[in-house]
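Okay, hi everyone, I've got one chain to walk you through today. Let me put it up on the screen.

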Amino acid sequence: MGLLRTILRDGGVDTDMFSLRSLRSWRELDRRFAGYDMLIMNVRSYTFPFAYKAAQAFKKVNPHGVVITGGMHATVAPDEMEEIAAFDIICQGPGENTIVDLVKDPLSFPRIVTGVGSKSMADWPMIDRTLWPNPHLSDYPWPLEPECGWGPGPVATIITSRVCPWQCVFCNESSFIPNMGRKPVEAVIAELNYLDDHYGPLGSVVIHDSMFFQQPSWLREWLDKYPRLAHKPWPYWAAARSDTVRQWPDLFEALVKETNWTTVSIGFESGSDSVLNILNKECTAEDNYFAIDLLNRIGDDLAREGKEPPKFWANIMLAIPGETHEDAFDTIRMLRHMRRVMPSIAYYAPYPGSALGYQLIAEGKSMMSKDNYHRFPHDEKLKGIDYKFYKELLKGKYDRDINSRLPSHLRGDSGEYEGSLVKA
């Protein structure tokens, strides 16, 4: 949204922006929509019901207004989008080279538009963060962001690469936008320095790439230039895969130690090889344990030196079709091996656009639909899954089974993970 609004501004189009999250109730929407001739929405699968309701509200207030939609759901589920009469234009795929013409003359386009993206992120303008709504809160570091538990604020959120090239069957990202050239290292550092100069001092950075730890040549350049050219090596959150950590362990260790990579996000998903195979993760449980042991050791080394040890942001998935009780126990055992960890646990959800999601939807096993797509963590998403077992697992009912195959120093109470079930 920040990128597209910057491109629209540079193209001579003024826009406003607000999030539904900023409203206390749907009753406030009519007032916010009054007087506008166009509504542009980014629609993901889990926000589809909200987008549908918002489009209807906009049309009620502005009967002759135009609603333009884009985003992942417009690409992976166009049939569901087309059924909504209030969606006037549905743009599939990337939009940075389409958005200005589309907004200036929407009636010259067909209802379903194939967006055109840039070949490389080097072609993107630097996002103007002052276009983000200002909450006018005394403790909010607008146009930067407050800390969220990954590092001190103010926080700058950036991306250096777009789209994960792997093909996990639970993910629909690669079906949304094609891969593209990565943002040059020096451009990333220049942007951070600019933000530090104009809105800082920065406290930390969130590199929100779906997969930061890829392309070793880029990473080596980051290793060389970030500590030298950045105003300071701000601590940052970024994502990796356990198999790439195992493939390039020396590079991983150098990045953690020398660039202040303090929070390492890894989609471990499961501690069971059979489940990892179901998910087409292309990682093994052995890969997961390699990454865990390596970061544990790096953390111990840094702690002995009086430095902040890195920690995992560990993405874990449960309630996967085909997962046995023992598979789930293996996942909790894997979590127990992480010495410094912030678990992020999810129940599997069959979203359209992903291979497994499409399969389960076609088989009539999905309990989600266009009327109730969401990320609420505790709701049941799939027929045939024993959700009672998983709820009891996260309350510690099966700790005797889990602890029986763990050394005494790793045994614990799984109830501590109950609050880590945060999304679907």
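This is a predicted model: local features need pLDDT of at least 70, side-chain atom pairs count only at pLDDT 80 or more; totals for chains, interfaces and linings use all residues.

Residues are numbered from 1 along each chain as its sequence is written, and side-chain values use heavy atoms, with hydrogens and water left out.

Overall, we've got 16 helices and 11 strands; those are DSSP runs, H or I of at least four residues for helices and E of at least two for strands, numbered from the N terminus. The radius of gyration is 23 Å, close to the 22 Å the globule rule gives for 424 residues, so the chain is as compact as a globular protein of that length. That's over C-alpha atoms, and the rule is 2.2 Å times the number of residues to the power 0.38. The C-alpha box is roughly 70 × 55 × 40 Å along the principal axes.

Now the sheet. It's open, four strands, ordered β1-β2-β3-β4 with parallel pairing, where pairing takes at least two DSSP bridges between two strands. At the edges sit β1 (38–42) and β4 (112–114), each pairing on one side only. Helix α3, residues 48–61, packs on this sheet and touches β1 and β2, contact being heavy atoms within 4.5 Å. Its direction makes about 175° with that of β1; axes are lines fitted to C-alpha atoms, for helices over the stretch in contact, and angles run from 0 to 180 degrees between N-to-C directions.
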